[in-house]
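Hi,

Here is the structure I promised to pass on to you. Please have a look at it first, and then read my notes below.

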Amino acid sequence: MMERFYNPVLVKELKLRFRSFKSFSGLMFYLAVICIFIAGFLLLTTEFTGKGFFRPEISFMMFAVLTILQMALVLFITPSLTAGAISSEREKQTLNILLTTTQSSTQIVIGKLFSSVAFLVLMLIAGLPLYSLVFLFGGVSPSQLVAIFLFYLVTVIAIGSIGVMFSTITKKTIVAMIATYGSIIFLGGITAFFFFLTMAFHQMGNAIGTSVSYMTYFWASINPGALMLTLISSDMGDALAELSGVDFPVWITYLLVYIVIIVLSLTVAIKKLRANMKSNR
Amino acid sequence: MIEIRDLTKRYGSFTALDHLNLSLEEGIVFGFVGANGAGKSTTFSILATLLSPTSGDALINGKSVIKEPKEVRKQIGYMPDFFGVYDQLKVDEYLDFYGASYGIGATERKVLIPQLLELVNLTNKRFDYVDLLSRGMKQRLCLARALIHDPKVLILDEPASGLDPRARVEMRDILRNLKSMGKTILISSHILPELAEMCDEIGVIDNGKLIAHGNVATIQAQLQGEKRIVIKVAERLSEVRAFLEEDPLISSIDVMDNRLEIAFNYRGTDAQQVTLLKTAILADLPIYALSEEEKDLEDVFMAITKGADNQ
């Protein structure tokens with residue numbers, strides 16, 4: 001049974017990943033950013049005395065900013081781990097040999113994706129002790145934390161799939177990397193811009209709460225930052241529902257859209273892996 | 001074992017392979033000869049299921065590379081002309097990874113790896129990092145990798161390129177060993193004399209067309225038309241020379257005074273050659289040795305490809 005789920009590419013990738021210094025320096029960079037942020041935040045709010053009290057509202061604020069920061073870090077790191085998945089094998093001239101083995105295209109692509117996702121999960125777990133500092137001060141429920149981590153995972157898999165897809169269809173890692181960062185800028189930045197744009201258009205003609213703007217809702221609901229805000233505070237979700245007139249949980253839309261992204265990207269990657277072969281078996 | 005039918009590959013207007021037909025028996029060593037860009041690597045890539053032909057098909061052990069690529073992959077071990085290795089992977093881990101990629105179980109792999117390393121003389125490098133091996137060792141490791149699922153057919157694209165003479169000899173010994181194990185081996189090379197030594201058959205490809213195919217001797221005979229014969233003479237060189245000049249089948253006579261040797265081109269058949277020799281002996285000419293000068297594959301290759309160019 002174990003053999004059935006054994007993915008050679010996944011095992012090999014994990015082995016290589018944990019042997020490279022780059023992985024550890026990446027992890028260190030990630031933890032350092034979070035450490036600096038938390039230390040800075042604590043020092044600022046206690047006015048550099050190291051004493052004084054810490055109100056739950058401030059703790060909550062730290063949690064909110066930390067969540068967004070972590071999301072930004074994850075979005076920043078994922079492409080560097082996945083955009084080279086296939087193209088680096090091509091550049092190192094190891095891909096042809098891999099493709100003559102009896103592994104299916106699906107196995108290879110999934111192995112590549114999951115090895116990167118596994119490393120990102122490790123990163124998130126490594127940051128968890130720092131993250132849970134907020135529990136010291138209260139204001140945040142554990143179920144919120146679980147929900148947030150689940151959505152980190154969904155986002156990581158989606159961005160990872162996009163990275164693997166670009167890595168398969170482009171010849172060079174650098175091109176795949178740029179394309180993947182482009183997708184992130186679209187999902188994180190352009191959607192926010194469109195959100196504000198559609199909102200402005202919507203408000204021009206109507207009083208808030210009188211009509212429905214699906215576009216406003218849509219652009220907000222596929223933005224990772226917006227999703228995190230609604231997960232952190234239900235007020236945010238209510239505000240969006242009021243603004244757009246669509247009263248549907250953002251996380252469900254986000255989940256659906258990102259699952260579609262994952263499925264589409266992986267399908268393209270699997271189809272294009274053996275691009276020089278007409279049949280894809 | 002291998003059946004190539006009307007295989008054609010076009011890249012835009014460029015035709016890399018032009019209706020290639022080839023049939024190979026099981027257990028032979030086939031040498032594929034051709035200049036760079038003649039279509040050797042394209043043919044091998046198609047056989048290795050990395051490339052779809054524009055038209056035509058190739059069957060390996062009855063399985064089509066187009067319709068059943070996965071079945072074909074089980075039958076073949078492929079070694080590309082250029083290949084890389086993963087940094088930070090040890091030799092046994094490298095083989096273990098590919099073993100697993102072919103669906104070989106973990107316990108089986110543990111038994112298999114030392115055997116393969118033994119076969120390619122890398123036993124003492126088992127725990128070294130792959131990227132620190134020399135080129136010759138990497139080639140041998142890649143060969144071991146190609147053998148891990150015990151394929152019936154080995155497709156080796158330029159396995160000797162870039163190797164020093166010692167590494168080349170080692171590679172040749174390993175291939176001989178594999179031949180004795182009954183593998184069908186397809187090998188392409190620029191080191192033509194080496195191919196002649198170990199190949200049962202050679203095929204010459206030029207501009208995507210197979211222009212000659214057969215065993216080494218047949219191809220040589222087919223191309224040479226006339227052979228170069230060298231005789232050793234004990235004394236009376238000029239007398240022998242005069243005798244040879246009378247034969248209309250003989251041309252380009254070269255007398256090497258210092259070595260008491262005469263070399264000449266002979267157009268006749270083997271039977272005519274017997275008569276020539278008998279006449280010479282009966283004429284009491286002091287000839288004590290006669291040999292045919294071996295033309296190696298390099299000459300054959302040059303002759304064939306030049307001929308094809310002129311057409």
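This is a predicted model: local features need pLDDT of at least 70, side-chain atom pairs count only at pLDDT 80 or more; totals for chains, interfaces and linings use all residues.

Helix 9 of chain B, residues 237-246, lies across strand 11, strand 12, strand 13 (261-266) and strand 14 of chain B. Against strand 12 of chain B, helix 9 of chain B runs at about 170 degrees.

Those strands form an open sheet of four in chain B, with the order 12-13-11-14 and antiparallel pairing. Strand 12 (250-256) and strand 14 (287-292) of chain B stand at the edges with a single partner strand each, so one side of each has no neighbour in the sheet. On average, neighbouring strands of this sheet are turned by 20 degrees against each other, ignoring direction.

One pairing can be followed down to residues. Strand 11 of chain B (residues 227-233) and strand 14 of chain B run antiparallel and are joined by five bridges. B:Val233 has B:Ile287, in strand 14 of chain B, as its bridge partner.

On the domain level, chain B is divided into domain 1 (2-221) and domain 2 (225-297). Their C-alpha centres lie 43 Å apart.

Now to the interface: 23 residues of chain A are in contact with 27 residues of chain B. On the chain A side, helix 2 (8-19) and helix 6 (95-99) each supply at least two residues. Helix 2 of chain A gives the largest share of that side, five residues. By type, the residues on the chain A side divide into six nonpolar, 10 polar and seven charged.

Best wishes

How values were computed
Residues are numbered from 1 along each chain as its sequence is written. Chains are lettered from A and ligands numbered from 1 in the order in which they are written. Two residues are in contact if their C-beta atoms, placed from the backbone, lie within 7 Å. Ala, Val, Leu, Ile, Met, Phe, Trp, Tyr, Cys and Pro count as nonpolar, Asp, Glu, Lys and Arg as charged, and the others, Gly among them, as polar. Domain bounds come from an automatic or database domain assignment. Two strands pair if DSSP finds at least two bridges between them. Axes are lines fitted to C-alpha atoms, for helices over the stretch in contact, and angles run from 0 to 180 degrees between N-to-C directions.
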